[in-house]
Number of protein chains: 2
Amino acid sequence: MTASPAEPKPLTRIQTKNRAAILDAGLEVFSTYGFRGSTLDQIATAAGLSKPNLLYYFPSKEAIHAELLTGLLATWLDPLKLMQADGDPVTELLGYVRRKLEMSRQFPRESRLFANEILQGAPRIEAALSGELKELVDAKAEVIRGWAAEGKIADVHPHHLIFSIWSLTQHYADFDVQIRAVLGKEDPFEGAGAYLDVLFAKILTPE
Amino acid sequence: MTASPAEPKPLTRIQTKNRAAILDAGLEVFSTYGFRGSTLDQIATAAGLSKPNLLYYFPSKEAIHAELLTGLLATWLDPLKLMQADGDPVTELLGYVRRKLEMSRQFPRESRLFANEILQGAPRIEAALSGELKELVDAKAEVIRGWAAEGKIADVHPHHLIFSIWSLTQHYADFDVQIRAVLGKEDPFEGAGAYLDVLFAKILTPE
DNA sequence: CGTTGCTTTGACCGGTTGGTAAAATAATCT
DNA sequence: AGATTATTTTACCAACCGGTCAAAGCAACG
């Protein structure tokens, strides 16, 4: 039994391992050189496979990149989704900032992959940006506008507030090289956490 | 007469025009696809030349990219250099923010070229980052620290303050596609100017 | 053990890449 | 004009690109 047209087909042990290795290698390479600047040979070498072997697991370069991007978008929207309308406004917003900064610290490659895609005009996620992303942002912006109207936070432009959170947190992943060059030995994220806490507390405090 | 070993050699009319066209085309292409993702054919076509003709003016792909980057670095540091220790602290810092945002509006391609280079690990400007850039930033950070010590601005981490100015202003150039996707018809820079003015005024105001 | 299906490899293909050489063409100067 | 120089084109190259294919190697399971 267990009929029906499309059986999911379980992955073998080797498939699971190699697909993971390829995606990890693809993330490493794509996040550094962008889609067009990356080669299958680079990815295959980084994954410890030969190029034809890599193409046994993924049908094309595009396919690897696509899988990385779709997986990324969910991770991307998650921290914002966690911001709840019925919580304490300042706590919720600062929580969002902290989660986003923590993501920059733990997943800098994912952040750079995203940045690369946007820099190149977002040809592969344009739809998601003006669809899924826009809808979520608009909804959360409405929540923020509500908080401001109730006087619980200062009267700020909700969309630009969100942009500033993205910008400030992702900057520490995307421009890591530059920041470390300027800071020397000092740990960027140490100072960033404290600085951003104060910054957003000041922006959000009403009057 | 007019001896001495290395005469600069004046450029012909055609040289001036074509070199400019190539650099403009190179900026367009490199800022979108990064160094490795860009091709000489793309650049040549964008400049309205054939590939061999392009290589008559520049010895290599590297050379075009290098010339763009070195030219860029000066433009890049300029707005920060203009920030003077003997001016009014808040005015000087807000002026820096406005100049930087204006650059993002007027020269988004330059901003993206820079972002691309940093994202890729800054292989070609590493030296400038930990040299020229670091020195200027350190000097200006000292000025900011001085202002804070005198109580003229709030006590903020000078380096992270500068990072946040870079981050927030460049974000509007580098992530333009994403921002426009979310904002719809609304002009990003309109709202950004007002938002950033308020934001930095709040951060900088002491107590 | 054998055989069946999964995995890996090496040899290859057409197209593109950065770059070159030399000849043809157009400006410039006297 | 003619000589000289600057510019452009045509044809080309070796290396690399994404991707295919068939054969070889391997694991699992009865």
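Biologist: What makes helix H9 (residues 176-183) of chain B largely enclosed by the rest of the structure?

Modeller: In this predicted model, 6 of the 8 residues of H9(B) are buried, so the helix is largely enclosed. A residue counts as buried under 20% relative accessible area. The buried ones are B:Asp176, B:Gln178, B:Ile179, B:Ala181, B:Val182 and B:Leu183.

Biologist: Which helices do the buried residues of H9(B) pack against?

Modeller: They pack against helices of both chains: H6 (108-119), H7 (126-149) and H8 (158-174) of chain A, and H6 (108-119), H8 (158-174) and H10 (188-204) of chain B. After H9(B) comes B:Gly184, with a positive phi near 75 degrees.

Biologist: How many aromatic pairs are there over all chains?

Modeller: The count is 10.

Biologist: Why is the pair A:Phe30 and A:Phe35 called stacked?

Modeller: Two values decide it. The ring centres are 5.7 Å apart, and the cut-off for a pair is 6.5 Å. The planes stand at 20 degrees, and under 30 degrees counts as stacked. The pair is therefore stacked.

Biologist: Are those two residues buried or exposed?

Modeller: A:Phe30 has a relative accessible area of 0%, so this residue is buried. A:Phe35 is at 10% and counts as buried, because the limit is 20%.

Biologist: Why is the pair B:Phe163 and B:Trp166 called tilted?

Modeller: The centres lie 5.6 Å apart, with the planes at 50 degrees. Stacked needs under 30 degrees and edge-to-face over 60, so the pair at 50 degrees is tilted. Both residues are in helix H8 of chain B, 3 residues apart, about one turn of the helix. B:Phe163 counts as buried at 0% relative accessibility, and B:Trp166 is buried at 2%.

Biologist: How do you know that A:Arg124 lies over the face of A:Phe35?

Modeller: A:Arg124 is 3.9 Å from the ring centre of A:Phe35. The rule asks for CZ of Arg within 6 Å of the centre and within 35 degrees of the ring normal. In chain B, the charged end of B:Arg124 sits over the ring of B:Phe35, also 3.9 Å from its centre.

Biologist: Why are A:Glu62 and A:Arg124 called partly exposed?

Modeller: A:Glu62 has a relative accessible area of 41% and A:Arg124 has 32%. Buried is under 20% and exposed is over 50%, so a value in between is partly exposed.

Biologist: How do you know that A:Lys134 and A:Asp138 meet in a salt bridge?

Modeller: Their N to O distance is 2.9 Å, and the limit is 4 Å. Both lie in helix H7 of chain A, 4 residues apart, about one turn of the helix. A:Lys134 counts as partly exposed at 22% relative accessibility, and A:Asp138 is partly exposed at 27%.

Biologist: What does the rule find across the interface of chain A and chain B, then?

Modeller: It finds 17 residue pairs in polar contact. The area buried between the chains is about 4,800 Å², and carbon and sulfur atoms give 66% of that. On each side, 53 residues are in contact with the other chain.

Terms used
Residues are numbered from 1 along each chain as its sequence is written. Chains are lettered from A and ligands numbered from 1 in the order in which they are written. This is a predicted model: local features need pLDDT of at least 70, side-chain atom pairs count only at pLDDT 80 or more; totals for chains, interfaces and linings use all residues. Side-chain values use heavy atoms; hydrogens and water are left out. Buried means under 20% relative accessible area, exposed over 50%, partly exposed in between (1.4 Å probe, protein chains only). Helices (H or I, at least four residues) and strands (E, at least two) are DSSP runs, numbered from the N terminus. Contact means heavy atoms within 4.5 Å. Rings of Phe, Tyr and Trp (its six-membered ring) pair if their centres lie within 6.5 Å; planes under 30 degrees apart count as stacked, over 60 as edge-to-face and the rest as tilted. Buried area is the accessible area (1.4 Å probe) that two parts lose on being put together, summed over both. A polar contact is a pair of N or O atoms within 3.5 Å; within protein, one must be able to donate a hydrogen and the other to accept it, and residues adjacent in sequence count only if both atoms are side-chain atoms. A salt bridge is a side-chain nitrogen of Lys or Arg within 4 Å of a carboxyl oxygen of Asp or Glu.
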